[in-house]
Amino acid sequence: MSGGTARTPEAGSTFMDRLTGRVRLGGLLALAAPVLAIVFAGLITAVVLLVTGAPPVETLGVMVDYGVQPRPLTLALNLASGYYLSALAVAIGFRMNLFNIGVDGQYRLAALIAAAVGGAITLPAPLHVAAILLVAVLVGAGWASIAAVLKVRRGVSEVISTIMLNAIATALGSWLLNKDRFAVEVAGSNNIGTQPLGPSAQVPGIPLIPGSPLKVDGLIILAAVMGLLYYVVLNRTRFGFDLRATGRSEPAAVASGVNVKRMVLITMIMSGAVAGLAGMPNLLGESYSYSLNFPPGLGFTGIAIALLGRNNPVGIAFGALLWAFLDTSSNILQIHDISPEIVEIMKGAIVLSVIVAYELVHRYQIAAGQRRVSRELSGGPTVQAEGASA
């Protein structure tokens, strides 16, 4: 072994490997990174609040006091369900080194078509809900498969194709949500939406938060189940091993017999299928119709949360809850003459802090590993000499 060639596997990793969690931190370093990120984000947010004339400690106290009350807490959990599913869809691609930027278009088109189909059919309650979920999964998977086929057949970057497909999905959704096609007038407003879902297609809520007048969306259970499936498939199956191996090194995966093109196709379809479910908690638990004010932006929120949770299902859950808590707590800021846009700044600061913190901790880990290897190599000849003299 020649000097200067020893290095840890992590030393050769790319920035995106570290950012998306394909390179893991060990021991206390895994805890140090998020703690450092929280401190850094707090400092940035405090500076922004001071510049705008708002006291940082009091502002945070107002948000926390409001956010932990029963009703806002229920709203946060309901938001977190969609956020979590969206982030899981993004994370599936990230683990394969694929960037599915098209989750936003996939979930919106899936929700629109699933709502239209659900409003047009009549089935017993369990079957009605299952049919709507199946349509959403198929539409999301089908829309994502366009980008997958373009990548494996023509080498088109999934980033470019999914961004373009987002725009196409938005335009297609606007065309379909028309009174000549899927839409009807919403009673008592100027809004339009799909035919309202009947009682058999409505998922009952769960009285999870004591004292809250609202119920937690029943499909929070679906989000939990999908998180468990994500962990089992990626960490306890051969397919998951092949997926992670391909994400780390395509040449090594090919050498071990993995069909990379097949893995790309399946992974993108899986990501789109989960993306199709992101709008279901809102559709089946709250709105019961896809209208012009259906929640937008879940796909891009999912990207931030997946990065925040480093593609770990538990980390993503904490990220989804944090994002939902911030969104819900922002409602109280205007009453205290504080701009609610400060929450968006806080979100950006958190994502930036995570990127910086994990990079700093990773570099420390590499430096520590190199020092350890250096000490072992420098002590090698002495040990060998002692053994020879004995």
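Which helix gives the largest share of the lining of the second largest pocket? In this predicted model, that turns out to be H4, with 5 residues. The helix spans residues 70-95, and two others also give two or more residues to the lining: H12 (280-287) and H14 (313-329). The pocket itself holds about 290 Å³ of space. A total of 16 residues line the second largest pocket, and those lying nearest its centre are Asn78, Leu79, Asn282, Glu286 and Pro295. Sorted by class, the lining comes out as 8 nonpolar, 6 polar and 2 charged residues.

Now for the helix packing. Two packed helices are described by the angle between their axes and the distance between the axes. For H6 (residues 125-154) and H11 (residues 260-276), the angle is about 150° and the axes sit 7 Å apart. Since angles over 145 degrees count as roughly antiparallel, H6 is therefore roughly antiparallel to H11. As for handedness, H6 and H11 cross in a right-handed sense.

On the H6 side, the contact draws on Ala136, Val137, Gly140, Ala141, Ala144, Ser145, Ala147, Ala148, Val149, Lys151 and Val152. H11 answers with Lys261, Val264, Leu265, Met268, Ile269, Gly272, Ala273 and Gly276. Taken by class, the residues of this H6 and H11 contact split into 13 nonpolar, 4 polar and 2 charged.

Conventions. Residues are numbered from 1 along each chain as its sequence is written. This is a predicted model: local features need pLDDT of at least 70, side-chain atom pairs count only at pLDDT 80 or more; totals for chains, interfaces and linings use all residues. Side-chain values use heavy atoms; hydrogens and water are left out. Axes are lines fitted to C-alpha atoms, for helices over the stretch in contact, and angles run from 0 to 180 degrees between N-to-C directions. Helices (H or I, at least four residues) and strands (E, at least two) are DSSP runs, numbered from the N terminus. Angles under 35 degrees count as roughly parallel, over 145 as roughly antiparallel, 65 to 115 as roughly perpendicular and the rest as oblique. A crossing is left-handed if the near helix is turned anticlockwise from the far one by less than a right angle, and right-handed if clockwise. Contact means heavy atoms within 4.5 Å. Ala, Val, Leu, Ile, Met, Phe, Trp, Tyr, Cys and Pro count as nonpolar, Asp, Glu, Lys and Arg as charged, and the others, Gly among them, as polar. On a 1 Å grid over the protein atoms alone, a cavity is a set of points where a 1.4 Å probe fits but cannot get out, and a pocket is an open set with protein on both sides within 12 Å along at least five of seven lines; lining residues have an atom within 4 Å of a point. Grid points are joined across faces, edges and corners, and a volume is the space filled by probe spheres set on the points.
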